[in-house]
Amino acid sequence: MSGKGGVGKSTLSTELALALRNAGKRVGILDVDLCGPSIPRMLRVQDSSVHQCDRGWVPVFVGHDTAIALMSIGFLLERPDDAVVWRGPKKNALIKQFVSDVAWGDLDFLIVDTPPGTSDEHISTVEALRPHQLLGAILVTTPQAVSVGDVRRELTFCRKAGLQILGIVENMSGFVCPHCSVINCGSVFFILGPTGSELSLSPPCPTGCVPLDPQLSQSLEEGRDFIQEFPKSSAFPALTHIAQQILDTSQKSS
Amino acid sequence: GKSTFSALLAHGLAADETKQVALLDIDICGPSIPKMMGLEGEQYVEENLGVMSVGFLLSSPDDAVIWRGPKKNGLIKQFLRDVDWGEVDYLIVDTPPGTSDEHLSIVQYLSATHIDGAVIVTTPQEVSLQDVRKEINFCRKVKLPIIGVVENMSGFVCPKCKNESQIFPPTTGGAEKMCQNMNVSLLGKVPLDPEIGKRCDRGQSFLAEAPESPATLSYRNIIQRIQEYCEQHHLQEEKIM
């Protein structure tokens, strides 16, 4: 979750799914960003469509081992550029269907990629998933002070909704110039302190910092598996560390 | 960069002291404008620049506005009807992302005022552009004129070696090609300058604080094009009336 658009929620959801798949898990991704679905493109399955079976919609399976199942409104649009001009109630109905009428099969993890904010999609998703065991929420932010307010509001939402905070990810945290290799640490945007410390004050929860990495943006543009193909890049250790924390938390809670 | 651009556009338009500028933040769940404009409780930045946001109505910075659509729509209506805006030359509306309640409501409530148009903000990658195409189609669907597209975070110039790199690679030709294909104007490209974020965090106007930066020149150019568009639009409106 995040309060802002374009901070990297879909990127993190995608990379997390790929990392968990690499760890041998079966992963589902539910894309509830109905007005701006990005995951299909990031996994290069934007031209796929969903089919019906007797148990409901069949999600789109990604990769040769089909270990990632994805459901997104992107698969239901007639043309990819169609705008989904829906008010809340219609969005809520589709989210409910996405949870109850999709034949997800046996999953180890279901990652939900949300739009920014604390509104219809978020309330409906939490409500629809309540009967299942919810592991918790990951908040994504960028290192500017304007983002701190957003994270605080998201934290309040999670508290009120009874969602555990699995961690706060500071994305676009610093940038290594490919020309001179100088680390523009946190100066691409304005950092608040080492590892966004102002945020980690409130809940004692793990944080991760993912640097801005052109290789990461490029691989998402081309729908490549960053986790397998770019193990030497600057964002790789951060992303795998976050995935490991999620695996550890889920082991503890089961 | 929607809120950043809205804030700077407000500063840029208010530089003309004869104009009255209003900035309305309808990002109900994530209001950034109060902080970006350096406002703590105050609602006037300058004599001629007024701001309204849900951020001013919250009792603590931790307060989350956990509202579904209808309640958000109610507040937007109040913002337009019950705020004493005075005589306003420009009303800038900063929206959340998407094409849903807030967007439909603001267009509907302002329909009688003949909105000049929408400015659409994007970053150069295809992942962003695919959302922007949806926004453009939304505008066409609700008959909202499009003033143009701003490409933000378009390249990063290293403060040390001055070389430019593409953080968000324009793999499909960036906003330029998308604008050609969709037949809308590209208002300009703004490079990623670390100073922009810093000034926004301090509530300062980047345009005034870094007048020589290439990003400022680009912003000024874009703001001027928007002013010209609005003047043109008003002349046409007068002719019709």
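Visitor: Why does Ser250(A) count as buried?

Guide: In this predicted model, Ser250(A) has a relative accessibility of 16%. The word buried applies under 20%, so Ser250(A) counts as buried at 16%. The residue lies in helix α9 of chain A, which covers residues 236-253.

Visitor: Which residues does Ser250(A) touch, not counting those up to four places away in sequence?

Guide: With those sequence neighbours set aside, Ser250(A) touches Phe109(A) and Leu135(A). Touching here rests on heavy atoms within 4.5 Å.

Visitor: What makes the pair of Asp120(A) and Arg68(B) a salt bridge?

Guide: The closest N and O atoms of Asp120(A) and Arg68(B) are 3.3 Å apart. The cut-off is 4 Å between a side-chain nitrogen of Lys or Arg and a carboxyl oxygen of Asp or Glu, so the pair at 3.3 Å qualifies as a salt bridge. In general, side chains of opposite charge can pair when their charged atoms come close.

Visitor: How many salt bridges does this rule give over all chains, and why is the pair of Asp120(A) and Arg68(B) said to join two chains?

Guide: Over all chains the count comes to 18 salt bridges. Asp120(A) lies in helix α4 of chain A, while Arg68(B) lies in the loop between β3 (49-53) and α3 (69-81) of chain B, so the pair joins two chains. Between chain A and chain B the count is four salt bridges.

Visitor: Why is Asp120(A) called buried, and why does Arg68(B) count as partly exposed?

Guide: Asp120(A) has a relative accessible area of 1%. That value is under 20%, so Asp120(A) is buried. Arg68(B) stands at 25% relative accessibility.

Visitor: How many residues of chain A and chain B are in contact, and how much area do the two chains bury between them?

Guide: The contact involves 57 residues of chain A and 56 residues of chain B. About 4700 Å² is buried between the two chains, with 58% of it on carbon and sulfur atoms. Arg87(A), Arg153(A) and Glu221(A) supply 15% of the area that chain A buries against chain B, more than any other three residues. Across this interface, 30 residue pairs are in polar contact, both members having pLDDT 80 or more.

Visitor: Which elements of chain A give two or more residues to the side that touches chain B?

Guide: The elements in question are α2 (39-42), α3 (88-100), α4 (120-129), α5 (145-161), β8 (165-176) and α7 (214-221) of chain A. Helix α5(A) provides the largest share of that side, nine residues. The residues on that side of chain A divide into 26 nonpolar, 18 polar and 13 charged.

Visitor: What makes Arg153(A) and Asp150(A) a salt bridge, and by how much of a helix are they separated?

Guide: Their closest N and O atoms are 2.9 Å apart. With a limit of 4 Å, the pair therefore qualifies as a salt bridge. Arg153(A) and Asp150(A) are three residues apart in helix α5 of chain A, so about one helical turn separates them. Both residues are buried.

Visitor: Why do Arg224(A) and Glu222(A) count as partly exposed?

Guide: Arg224(A) has 33% relative accessibility, and Glu222(A) has a relative accessible area of 26%. Both values fall between 20% and 50%, so each residue counts as partly exposed. Arg224(A) and Glu222(A) form a salt bridge, with the closest N and O atoms 3.0 Å apart. Elsewhere, salt bridges that share partners join Lys4(A), Asp150(A) and Arg153(A) into one network.

Visitor: What does the domain assignment of chain B give, and how many salt bridges are counted between domain 1 of chain B and domain 2 of chain B?

Guide: The assignment gives domain 1 (1-113) and domain 2 (117-241) of chain B. The C-alpha centres of these domains lie 19 Å apart, and the contact takes 19 residues from domain 1 and 23 residues from domain 2 of chain B. About 1800 Å² is buried between domain 1 and domain 2 of chain B, and carbon and sulfur atoms give 76% of that area. Phe5(B), Leu8(B) and Val107(B) of domain 1 lose the most area to domain 2, together 32% of what that side buries. The count between these domains of chain B is zero salt bridges and one residue pair in polar contact, both at pLDDT 80 or more.

Methods. Residues numbered from 1 in each chain as written. Chains lettered and ligands numbered in written order. Predicted model: local features only at pLDDT ≥ 70, side-chain atom pairs only at ≥ 80, totals over all residues. Heavy atoms only, no water. Buried area = accessible area lost by both parts, 1.4 Å probe. Polar contact = N/O pair within 3.5 Å; in protein donor to acceptor, adjacent residues only side chain to side chain. Helix = DSSP H or I, 4+ residues; strand = E, 2+ residues; numbered from the N terminus. Nonpolar A, V, L, I, M, F, W, Y, C, P; charged D, E, K, R; others polar. Domains from an automatic or database assignment. Buried < 20%, exposed > 50% of the residue type's maximum accessible area, 1.4 Å probe, protein only.
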